[in-house]
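Here is a short report for a first look at a protein model. Please read it with the view open beside the text.

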Amino acid sequence: MMNQFDPTTEALQRRGRDWPRLLHLLVLAVCTAWIAGYFFPPINHDTAVLLYISKVWLEGGRLYVDAIDINTPLVFVIHLLPEAIAKVTGLPGTTVLVALLGLGIAASFVTCRMVLAASLDPAHATADALLPLLLLFLLIVYPNNMFAQREHMMLVLCMPYLLVASGRTDGETLSNRLKIVTGLMAGFGFAMKPYFLGIPLFVELYVASQLGLRRSLSDPAPWAVFAICVAHALFAVIVTPEYFTVALPLARSFYSEVSEWSMLDLALSANLGPPTAILPLLGIAAFLAMRSNLARIICLAGIGGLLSGYAQGKGWPYHALPGQAFTLLLAGVIIAHVMDHVVWPKRGDSRPAKLFAAALMLLIFYQEGLHSRPFFKQLEYQGSELQRLMHVVKQERRNDRILVLSPGIYPHFPLLNYLNMRMTMRFESMWMVQGAYADCEELAPLYNPPEKMSKAEAFVFRSVAEDFYKKKPSLLVVDNVPGIPRCQGESFDYLEYFSRNPLFAKRFEDYEKALDLGRYTIYRRREDLK
């Protein structure tokens, strides 16, 4: 007769029972380790610009005077921290930023995990297994080349606030300290761009509709968000008034003319189209087919994120990131809710839930891999346009100053960050000139005469020439693809445009052509000149 107790069999069964947990931990580890890839160059070009301008500000330059950009002051305050640490430690600011954002993601994830653990029914094993994995995926893996964009930072900062808002609506006992801290974190995220403010507005209106206005107003969470927004506005008025007198007028004059899309084009675009179609359908399920405050709050946040993408009007990938991320998170919340309340209600064994969550996340990884190539910028860095231009600039530079006349910001950002160089002009690119010449009217001249330029164009025309004349960069790089429509059959030429200014023309006499590199012509200042 066979012995019913077989230690070997029991050990195998025990190891078999561990497989769901091990697979779940493997997915968690992959999501966590993924962040290491972002330390490799190049960093996102928009992020590089923000770090560059913050460094100019840190070194004594005046924000919106010596370095002009249309981002809000808070954006540069946030990017001051990595540059300040870089100045003390000697580490590159780009590396410090990725490290700090990694710590921020860790703090956001731990806070979200804590809130979920406090608010979820222990029997709801699927939500407990799936949502932390999905959150970590959305904060680390999903951004890909949009990592460290402002939209990505906003997601990192606001996720705990959204989960706390769900707990508040459910009547969970959450400490005022947690509400204040998560509200302050979210406030920094939402205040970076006014387009983000629809997210807390929709969320707090829903919370008030469930709890009542009086009870909602006595909660410290929305006041913490509001306090950061008010403090930011006061800071802008008092410390950086030029944001209103310089940056915003330039934005009104030119920014809306650059790559502006119609609402229909945005709705049909590859970036905003999918969440525009799917989020409302998931919203029907969240509000009509189930009772889940978490699902409804994520849905409202998704609507706010989607509207922020439409409001910016460009259709750029990172503008759609909040709408896309919240849509995916809402789908995960709905799936977990159905599994916990319909398929596996009150199930005590968490192993099936962990296996299901891991398998679903692997499916998401697979689909994301089909949609976009992970770390494609980093993998293509060797021999890239950026690396080739860096090689030339290293050889030809005679000082740390350069002037790049280009409609884009890549590859000279992050080139300037990596080589620790300064742009002689106060703008990061020629987007203002692009905006001024976005359309070619019938019989219009290729270039506006200086006396007929708008006030904003005249400021750009004059300041670029004056800075070039005074600061004498060792290199002048001219982009031969102007990003401006042909007019009267002729192509726009930045060198020809600015050479109509006597100061620019006078200083350009000191330069000789070094070489052509792809779309760029590089001029160097003659060595015999001081």
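Predicted model: local features only at pLDDT ≥ 70, side-chain atom pairs only at ≥ 80, totals over all residues.

Residues are numbered from 1 along each chain as its sequence is written, and side-chain values use heavy atoms, with hydrogens and water left out.

## Helix 10

Helix 10 runs over residues 220–238. Helices here are DSSP runs (H or I, at least four residues), numbered from the N terminus. The 19 residues of helix 10 should span 27 Å at 1.5 Å a residue. The expected span is 1.5 Å times one less than the number of residues. The end C-alpha atoms of helix 10 are 26 Å apart, which agrees.

At the start of helix 10, a side-chain oxygen of Asp-219 comes to within 2.9 Å of the backbone nitrogen of Ala-221.

Several residues of helix 10 are buried, among them Pro-220, Ile-228 and His-232. Buried means under 20% relative accessible area, exposed means over 50%, and partly exposed lies in between (1.4 Å probe, protein chains only). The buried residues of helix 10 pack against helices 3, 6, 7, 8, 9 and 11. Phe-226, also in helix 10, is partly exposed because its relative accessibility is 48%.

Helix 9 covers residues 213–217 and includes Ser-216. Ser-216 is buried, with a relative accessible area of 5%. Leaving out residues up to four places away in sequence, Ser-216 touches Arg-168, Glu-204, Val-207, Ala-208 and Pro-222. Contact means heavy atoms within 4.5 Å.

A nonpolar patch lies on the surface, and its members include Leu-213, Leu-217, Trp-223 and Phe-226. Together the patch residues have about 990 Å² of accessible area, computed by the Shrake-Rupley method with a 1.4 Å probe. Patch residues have over 30% relative accessible area and no salt bridge, and nonpolar side chains are joined within 5 Å. Helix 9 and helix 10 each supply at least two residues of the patch. Helix 10 gives the most, with six.

## Salt bridges

Side chains of opposite charge can pair when their charged atoms come close. A salt bridge is a side-chain nitrogen of Lys or Arg within 4 Å of a carboxyl oxygen of Asp or Glu. The whole structure holds 18 salt bridges. Three of these pairs are listed here.

| Glu-151 | Lys-193 | 2.7 Å |

Asp-516 is partly exposed at 44% relative accessibility, and Lys-513 is partly exposed at 47%. Elsewhere, salt bridges that share partners join Arg-168, Lys-179, Glu-204 and Asp-219 into one network.

Glu-151 and Lys-193 meet in a salt bridge. Glu-151 lies in helix 6 and Lys-193 in the loop between helix 7 and helix 8, so the pair ties together parts 42 residues apart in sequence. Glu-151 is buried at 0% relative accessibility, and Lys-193 is buried at 7%.

Glu-466 and Arg-462 both lie in helix 21 (residues 455–471), four residues apart, about one turn of the helix. An α-helix has 3.6 residues a turn, so residues three or four places apart point the same way. Glu-466 is partly exposed at 25% relative accessibility, and Arg-462 is partly exposed at 39%.

Conventions:
Patch = residues over 30% accessible without salt bridge, like charges linked within 9 Å, V, L, I, M, F, W, Y side chains within 5 Å. Polar contact = N/O pair within 3.5 Å; in protein donor to acceptor, adjacent residues only side chain to side chain.
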